[in-house]
Amino acid sequence: MSVVPIRLFGDPVLRQRAEPVDQVDHNLHRWIKELVHTMEAADGLGLAAPQIGVLRRLFVINLPALELGDAPRVFINPEILAKEGWDVAEEGCLSLPGLYAPVGRYTRIRVRAQILEEDTLKTITFDAEDLYARVIQHELDHLNGVLFIDHLPLRERARLLAQWKGLSAPSHRTSSD
Ligand code: ZN
């Protein structure tokens, strides 16, 4: 297993814009393996490369959890071409463990991304709805240095950040040893 540490809120890497993936090489294969294994070990719905300290435009999603069958699980250089509908639902993030808040997202999106097929990058376009669309929007935000708390009203955001300070305070860490 190639499980690596997940970068937590406060780490500057989470606030930077990731660069496009421009070639298939051993690094890309390693990043994909680390993303998939780390996401599965953390039982997350998705994980983006900046969350493991890699500033490249790729993320993975957890297909069994989303009940998506044979859909691609690795998305490279993704972009949203069209969006419609709006829904608010509770969201969390592996980089802010323990925090949850209602976040508004588009309910239907058209996505263009590259997938890895026989060691080449193949461009696909597809539509995603509901939870699938929500996870893609959340992970794509990570590639632009955006976190789910950025979408919250100021008061709600302040409440979460205060909660985060409590969760990550040294006294809390020692008390849970
Ligand atoms: Zn996240």
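Start by selecting R7: at 31% relative accessibility, R7 is partly exposed (that label covers what falls between buried, under 20% relative accessible area, and exposed, over 50%, using a 1.4 Å probe and protein chains only). A salt bridge here is a side-chain nitrogen of Lys or Arg within 4 Å of a carboxyl oxygen of Asp or Glu. D11 is partly exposed too, at 22% relative accessibility.

Before moving on, some housekeeping: this is a predicted model, where local features need pLDDT of at least 70 and side-chain atom pairs count only at pLDDT 80 or more, while totals for chains, interfaces and linings use all residues. Residues are numbered from 1 along each chain as its sequence is written, and side-chain values use heavy atoms, with hydrogens and water left out.

How many salt bridges are there by this rule? The count comes to 13. For another one, pick R112 and E79, which pair at 3.2 Å, N to O. This one links distant parts of the chain, with R112 in strand β6 and E79 in strand β3 (residues 74–84), 33 residues apart. Helices (H or I, at least four residues) and strands (E, at least two) are DSSP runs, numbered from the N terminus. R112 is partly exposed with a relative accessible area of 34%, and E79 is partly exposed with 36%.

Next, select E91 and R105. Their side chains meet in a salt bridge at 2.7 Å, N to O. E91 sits in strand β4 (residues 87–91) and R105 in strand β5 (residues 101–105), 14 residues apart. Buried or exposed? Both E91 and R105 are buried.

Now jump to the zinc ion. Which protein atoms are its donors? They are C93 (SG), H138 (NE2) and H142 (NE2), lying 2.0 to 2.3 Å from the zinc ion. Donors are N, O and S atoms within 2.8 Å of the metal (3.2 Å for Na, K and Ca), and water is not among the atoms, so sites may look incomplete. In sequence, the spacing of the donor residues is C-x44-H-x3-H. C93 lies in the loop between β4 and β5 and H138 in helix α3 (residues 130–143), so this pair ties together parts that are 45 residues apart in sequence. Both C93 and H138 are buried.

Time to go inside. A nonpolar core is a set of buried Ala, Val, Leu, Ile, Met, Phe, Trp, Tyr and Cys residues joined through side-chain atoms within 4.5 Å. The largest one has 20 residues, and F59, I61, F75, F126, A128, Y132 and I136 touch the most other members. Helix α3 gives this core its largest share, six residues. Zoom in on I61: leaving aside residues up to four places away in sequence, its contacts (heavy atoms within 4.5 Å) include M39, L66, F75, Y132 and V135.

Last stop, the backbone. Select D43, in the loop between α1 (26–42) and β1 (46–48); its phi is near 60 degrees, a positive value in a residue other than glycine. D43 counts as exposed, at 67% relative accessibility. Then select D119, in the loop between β6 (108–117) and β7 (120–129), where phi is near 70 degrees. D119 is partly exposed, with a relative accessible area of 48%.
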